[in-house]
Amino acid sequence: MSLIAFLALAAATPQADKAAILGTILRMEQAWNRGDFRGYMAGFKNPDVVFVSGGKLQQGWQGTLEHYVRDYGGSAERRGQLDFYNMKVDVLAPDAAMLIGQYRLVRGPRVTEGVNTRLFRKIHGKWLITMNHVSAYDVTSPNAPEAH
C-alpha cells in the first residue's frame, strides 16, 4: 500500500465520515433557509436520487428541485425556516451510511415536523444522499380547536 493510499484510508474514519455527513446536512439547512434550492439539492446525488415523500416517488434530482421551487419558492414565508435535529448517523461501510433525523419547517402559521431516513454513498470522495425518505405531519396549532 502506498503512503497516499494509507493516509487516505486513515483519514476516512467513521468519526470523520459522520462529521462530513453532518456537515452536508448543515449546508443543506443553511441553503434552504436562504432560499437557495440548488444549494440544498447539492447534498443529493444528481441525477438519480430516489426521493420518497407523501407515499410517492419524486422524479429524480431535477424533479425534486422543481417540486421545491414550485411548492416552496417565491418568498421567505412560503419557503419557511428549516431546522434539522436529532441526527443519528450509522456508517455501514467505507462508502455507505444511513442517517435518521428529525426536522421542523415553520411556514407562517403552518408548522410541519417529520423524520428523514437518508442513505448516503461516498462518491468520488463526497458523501451524497442517494435515497431520501420523508415522513411528515402538520403540527396542530395550540390555538386550534381539538379534533373530536
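Me: By class, how many nonpolar, polar and charged residues does the lining of the largest pocket have?
Reply: The lining has 11 nonpolar, 6 polar and 5 charged residues. Here Ala, Val, Leu, Ile, Met, Phe, Trp, Tyr, Cys and Pro count as nonpolar, Asp, Glu, Lys and Arg as charged, and the others, Gly among them, as polar. This is a predicted model, where local features need pLDDT of at least 70, side-chain atom pairs count only at pLDDT 80 or more, and totals for chains, interfaces and linings use all residues. Residues are numbered from 1 along each chain as its sequence is written, and side-chain values use heavy atoms, with hydrogens and water left out.

Me: Which residues lie nearest the centre of that pocket?
Reply: S53, Y68, Y72, Y103 and V134, out of 22 lining residues. A pocket is an open set of points on a 1 Å grid over the protein atoms alone, where a 1.4 Å probe fits, with protein on both sides within 12 Å along at least five of seven lines; lining residues have an atom within 4 Å of a point.

Me: Switching topic, what order do the strands take in the sheet?
Reply: The 6 strands run 2-1-6-5-4-3 in an open sheet with mixed pairing. Strands are DSSP E runs of at least two residues, numbered from the N terminus, and two of them pair if DSSP finds at least two bridges between them.

Me: And which are the edge strands?
Reply: Strand 2 (56-57) and strand 3, each pairing on one side only.

Me: How many bridges join strand 1 to strand 2?
Reply: There are 2, and the two strands run antiparallel. V52 has L57 in strand 2 as its bridge partner.

Technical notes. Helices (H or I, at least four residues) and strands (E, at least two) are DSSP runs, numbered from the N terminus.
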